[in-house]
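User: Hey, I've got this protein open and I'm a bit lost. Can you walk me through it?
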Amino acid sequence: MTKHLGQDYDEGKIRRAFRVSVPSALALGFVMVCWPVWFWALLGIDLGDAPYPAILYGSVILGVGLASIGGMRAPRSHLGLLLFLACYKGAAVVFLLGHGVHALLEGRHVPVAVWIIAALWLQQAISNARLYPWGLRE
């Protein structure tokens, strides 16, 4: 662990976090953009005749995988990606849970995949937030 602008900064942990996200994000994103209807049907979600938002979302996941390659090679230069992932996944969890609970209160079914994704993303948001050196100054 080294000091980086007054913060504890563990480059090895950050590099490992990016190494984990590269293959999973690339594979998941690729499947989501190439076979969106099939992928979401596996999760119990019917896209109907509008797969385009799901394709756009898969592209974001694919992009995270590509950007994580840079983070894996040069963690210091890509610290902003950790902050982006913590915020993005944290916000997604809040809204997934909010909409899921609202649907349940109205007596509607919520696919189990929603709860699983929310739990996994909460763990990832917390992990990325813990890795990010919050005391950075310009």
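**Confidence first**

Analyst: The protein's mean pLDDT is 90, and 93% of its residues reach 70 or more; pLDDT is the predictor's confidence in each residue, from 0 to 100. This is a predicted model, where local features need pLDDT of at least 70 and side-chain atom pairs count only at pLDDT 80 or more, while totals for chains, interfaces and linings use all residues. Residues are numbered from 1 along each chain as its sequence is written, and side-chain values use heavy atoms, with hydrogens and water left out.

User: Where does pLDDT stay under 50?

Analyst: Over residues 2-6.

User: OK, new topic. Is Ser 68 buried or exposed?

Analyst: Buried, because its relative accessibility is 0% (buried means under 20% relative accessible area, exposed over 50%, partly exposed in between, with a 1.4 Å probe and protein chains only). Ser 68 lies in helix 3, residues 52-73 (helices are DSSP runs of H or I, at least four residues, numbered from the N terminus).

User: What does Ser 68 touch?

Analyst: Not counting residues up to four places away in sequence, Ser 68 touches Phe 18, Ser 21, Val 22 and Leu 81; contact means heavy atoms within 4.5 Å.

User: And Val 64, which residues is that in contact with?

Analyst: Leaving aside neighbours within four places in sequence, Ala 25, Leu 81, Phe 84 and Leu 85. Val 64 is in helix 3 too, and counts as buried because its relative accessibility is 9%.

User: What about Trp 35, where's that found?

Analyst: In the loop between helix 1 (11-34) and helix 2 (36-42). Trp 35 counts as partly exposed because its relative accessible area is 45%.

Key:
Helix = DSSP H or I, 4+ residues; strand = E, 2+ residues; numbered from the N terminus.
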